[in-house]
Amino acid sequence: MLRYYHDAGKALYFNENGLKEEMIIDVQWFIDAFKHIITDELHFRGIPGTQREWNEYYKTGNLQDDLLLEIWRHKDEELFDYLKKDTNYRIRDASFEKDELYLQYHKKSLLNFMQRLGLLAAGGESHYVPCMNRKEIEKEFLDLIKESKSKSSVLIYQFEFLPFFLFFRLVVACMQEDGWNVLGNRGTSCLYKNAALFSYIENNIVLSVTEESIQLQVFCPIQGRPLETEKTCIIQGRIEELLNHLAGTFQRKIQYVRGFKRRTDKEEVISIDIKEHFLPAKDIPDRVIQMVCPLHSINDRHIIDITELTKYWKL
Ligand SMILES: [Zn+2]
């Protein structure tokens with residue numbers, strides 16, 4: 001019956017762990033709660049928060065948890081003022097977090113449902129609202145990586161079915177990791193609509209997403225310092241742990257194949273189009289340094305430099 005109501009758009013209900021204990025019976029209320037988060041120029045409406053927090057949010061979609069609470073508090077206050085005029089309304093508790101009439105009381109449930117619907121990726125100290133982020137990765141970053149002499153190849157996780165949202169959840173998960181920091185450029189975070197940059201153990205990490213893949217590349221921020229395989233493998237290991245965990249939280253089974261782009265082009269940076277040239281890691285023969293691309297053995301024949309592709313990763 002609950003599913004019927006859900007399908008009919010009368011309620012929100014997911015028969016899934018972590019969600020099935022609750023349902024949303026007022027869909028409009030839920031939509032309003034989200035609409036309030038993404039409305040433009042919220043800061044003009046007297047909602048506190050530093051200019052930096054607002055800029056960060058409007059430019060990148062990175063929403064600090066306390067700012068989210070302020071946004072909802074603003075709405076809760078409106079309701080409170082309205083109810084106060086009604087003499088029949090008994091003010092039960094001045095604190096919005098303890099009164100189920102208010103959005104703040106439902107914060108955890110609202111975030112769970114919003115995350116399930118792909119509206120945002122919820123974290124602890126901050127959340128990520130992807131629809132706010134329309135920013136392309138800056139060309140200067142791509143150039144920086146291109147010119148770097150100490151960078152890894154691009155490791156590609158190819159998905160048969162990639163829910164785009166998995167990428168945003170991965171970005172949020174990385175943001176919560178100890179020691180991982182989002183890189184900054186001109187005072188805002190390097191979070192883009194299809195990429196995110198982090199620093200960790202003295203390396204810079206680029207994550208990006210295409211229609212069918214998530215890609216990982218590591219480069220050393222200091223010119224001339226070699227990239228250490230030990231560190232790139234730690235990064236790869238952590239990313240894969242997070243990916244595996246997140247992929248397991250989707251209803252449908254999400255699997256990926258690890259691999260590379262067949263055509264080695266040292267200039268190439270993230271995010272690369274792999275449509276014709278994906279080389280699954282499991283297809284690379286043991287102890288091979290170079291091989292002729294099996295897809296182009298005569299026409300457009302080219303050699304794949306296996307060492308170049310694999311030397312920074314554990315396969
Ligand atoms: Zn080829």
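Q: Two strands pair if DSSP finds at least two bridges between them. On that basis, which residue of β7 does Asn181 stand opposite?

A: Asn181 stands opposite Ser199. β4 and β7 pair in the antiparallel sense, over two bridges.

Q: What kind of model is this, and how are residues numbered?

A: The model is predicted, so local features need pLDDT of at least 70 and side-chain atom pairs count only at pLDDT 80 or more, while totals for chains, interfaces and linings use all residues. Residues are numbered from 1 along each chain as its sequence is written, and side-chain values use heavy atoms, with hydrogens and water left out.

Q: How many helices and strands does the chain have?

A: Nine helices and 13 strands. Both are DSSP runs numbered from the N terminus: H or I over at least four residues for helices, E over at least two for strands.

Q: What does the C-alpha trace span along its principal axes?

A: About 85 × 45 × 30 Å.

Q: How is the chain divided into domains?

A: Domain 1 takes 2-49 + 67-118, and domain 2 takes 139-310; the bounds come from an automatic or database domain assignment. The centres of the two domains, taken over C-alpha atoms, are 38 Å apart.

Q: Back to the sheet. In what order do its strands run?

A: The order is β4-β7-β8-β9-β3-β10-β11, seven strands in an open sheet with antiparallel pairing. β4 (181-182) and β11 (278-280) are the edge strands, each pairing on one side only.

Q: How many bridges join β7 to β8?

A: Six, and the two strands run antiparallel. Tyr200 stands opposite Asn203 in β8. The β7-β8 hairpin has two residues between the strands, and Ile201 there has a positive phi near 35°.

Q: What is the bridge partner of Gln158 in β10?

A: Val257. β3 and β10 also pair over four bridges, antiparallel. β10 then pairs with β11 over three bridges in the antiparallel sense, and Lys261 has Phe278 as its bridge partner in β11.

Q: Which strands does helix α8 lie across?

A: α8 (residues 229-247) lies across β3, β7, β8, β9 and β10, at about 15° to β3. Axes are lines fitted to C-alpha atoms, for helices over the stretch in contact, and angles run from 0 to 180 degrees between N-to-C directions.

Q: Is β7 mostly covered or mostly open?

A: Mostly covered: five of its six residues are buried. Buried means under 20% relative accessible area, exposed means over 50%, and partly exposed is in between (1.4 Å probe, protein chains only).

Q: Which residues have the most contacts inside the largest nonpolar core?

A: Phe198, Ile214 and Leu216, in a core of 47 residues. Such a core is a set of buried Ala, Val, Leu, Ile, Met, Phe, Trp, Tyr and Cys residues joined through side-chain atoms within 4.5 Å. α7 gives the largest share, 10 residues.

Q: What is Phe198 in contact with, beyond its neighbours within four places in sequence?

A: The list includes Val171, Met175, Trp180, Val182, Ile205 and Leu207. Contact means heavy atoms within 4.5 Å.

Q: Changing topic: which residues of helix α3 are buried?

A: In α3 (residues 51-60) they are Glu53, Trp54, Glu56, Tyr57, Tyr58 and Thr60. Among the elements covering them are α2, β1 and α4. Gly61 follows the helix with a positive phi near 85°.

Q: Last one: which residues coordinate the zinc ion?

A: Cys293 through SG, His296 through ND1 and His302 through NE2, at 2.1 to 2.3 Å. Donors are N, O and S atoms within 2.8 Å of the metal (3.2 Å for Na, K and Ca); water is not among the atoms, so sites may look incomplete. The donor residues are spaced C-x2-H-x5-H in sequence, and both Cys293 and His302 are buried.
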